[in-house]
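Reader: I am new to this structure. Could you take me through it in short steps?

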Amino acid sequence: LVLTACGRRGYQGERRFPLAGKVTYGGVPIDLGSISFIPLDGGRRVSGGPIMDGIYSVPEAQGANAGKYRIEIHWQKRTGKKTKVPYTDFVDEERAEGLPARYHKDSTLTAEVGEDQATFDFDLKSK
């Protein structure tokens, strides 16, 4: 007996949609950060993922269900300082939150995910 995965989503529950897009701050791509899609009604699952070189891509299995979401974006911006990684001899660049709270903790950014919309670009303003 051979079973195929045709038509199977690889997860259970309500349909999810892959998420993708670009994120810039003052026109510059965010080099390292994260994006979260938080359901406005509290009834669906939180989704999101890493931002690398201004791009994020969340596969369907980790994607968002259809609905309205509040968006939180974080940027781990280089500070210009070096820091030693504990318990190693490795030295790395120090990073700290590079975005104002209006893009994460106090975010009013929103998106509506659905069959026709799963790509969202965010051009965050520095002023």
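Reader: How many salt bridges does the count come to?

Author: The model is predicted. A pair counts here when a side-chain nitrogen of Lys or Arg is within 4 Å of a carboxyl oxygen of Asp or Glu. By this rule the count of salt bridges comes to 6.

Reader: Which side chain meets Arg-15 in a salt bridge?

Author: Arg-15 sits in the segment before E1. The N to O distance is 2.7 Å, and the partner is Glu-115.

Reader: Are Arg-15 and Glu-115 buried or exposed?

Author: The cut-offs are under 20% for buried and over 50% for exposed, with partly exposed in between. Arg-15 has a relative accessibility of 37%, so it counts as partly exposed. Glu-115 is at 59%, so it counts as exposed.

Reader: How many residues apart in sequence are the parts that Asp-31 and Arg-78 tie together?

Author: The side chains of Asp-31 and Arg-78 meet in a salt bridge of 2.8 Å, N to O. Asp-31 lies in the loop between strand E3 (28-29) and E4, and Arg-78 lies in strand E8, so the pair ties together parts that are 47 residues apart.

Reader: Which residues are linked with Asp-31 and Arg-78 in a network of salt bridges?

Author: Arg-78 is partly exposed, at 42% relative accessibility. Asp-31 and Arg-78 belong to a network of salt bridges, and the residues linked with them there are Glu-93 and Arg-95.

Reader: How far apart are the closest N and O atoms of Glu-72 and Arg-70?

Author: Glu-72 counts as buried, because its relative accessibility is 17%. Arg-70 is at 22%, so it counts as partly exposed. They form a salt bridge, and its closest N and O atoms are apart by 2.4 Å.

Reader: Arg-16 is buried yet has no salt bridge; what is the nearest side chain of opposite charge?

Author: Arg-16 has its place in strand E1 (residues 16-17). A salt bridge needs the atoms within 4 Å. The nearest side chain of opposite charge is 7.7 Å away, and it belongs to Glu-60.

Reader: Which residue has its backbone oxygen 2.4 Å from a polar atom of the Arg-16 side chain?

Author: Not counting residues up to four places away in sequence, Arg-16 touches several residues, among them Tyr-11, Arg-45, Gly-63 and Asn-65. Glu-60 and Ala-61 are also touched. The backbone oxygen 2.4 Å from the polar side-chain atom belongs to Ala-61.

Reader: How many aromatic pairs are there, and what kind do Tyr-25 and Tyr-103 form?

Author: The count comes to 5 aromatic pairs. In the pair of Tyr-25 and Tyr-103, the centres are 6.3 Å apart and the planes are at 80°. Planes over 60 degrees apart count as edge-to-face, so this pair is edge-to-face.

Reader: Where do Tyr-25 and Tyr-103 lie in the chain?

Author: Both are buried. The pair links distant parts, 78 residues apart. Tyr-25 is in strand E2 (residues 19-25), and Tyr-103 is in the loop between strand E9 (91-97) and strand E10 (110-113).

Reader: Why is the pair of Phe-37 and Tyr-69 edge-to-face?

Author: Phe-37 is in strand E4 (residues 32-39) and Tyr-69 in strand E8 (residues 67-84). Phe-37 is buried, with a relative accessible area of 0%, and Tyr-69 is buried, also with 0%. The ring centres are 6.2 Å apart and the planes are at 70°, so the pair is edge-to-face.

Reader: Which residues do ring pairs link with Phe-37 and Tyr-69 into a cluster?

Author: One of them lies in the loop between E10 and E11. This residue is Phe-120, which is buried at 10% relative accessible area. Phe-120 is in contact with residues including Phe-37 and Tyr-56. The residues linked with Phe-37 and Tyr-69 are Tyr-56 and Phe-120.

Reader: What is the mean pLDDT of the protein chain?

Author: Of its residues, 94% reach 70 or more. The mean pLDDT of the chain is 91.

Notes
Residues are numbered from 1 along each chain as its sequence is written. Side-chain values use heavy atoms; hydrogens and water are left out. Helices (H or I, at least four residues) and strands (E, at least two) are DSSP runs, numbered from the N terminus. Buried means under 20% relative accessible area, exposed over 50%, partly exposed in between (1.4 Å probe, protein chains only). Lys and Arg count as positive and Asp and Glu as negative; His and the chain ends are not counted. A polar contact is a pair of N or O atoms within 3.5 Å; within protein, one must be able to donate a hydrogen and the other to accept it, and residues adjacent in sequence count only if both atoms are side-chain atoms. Contact means heavy atoms within 4.5 Å. Rings of Phe, Tyr and Trp (its six-membered ring) pair if their centres lie within 6.5 Å; planes under 30 degrees apart count as stacked, over 60 as edge-to-face and the rest as tilted. pLDDT is the predictor's confidence in each residue, from 0 to 100.
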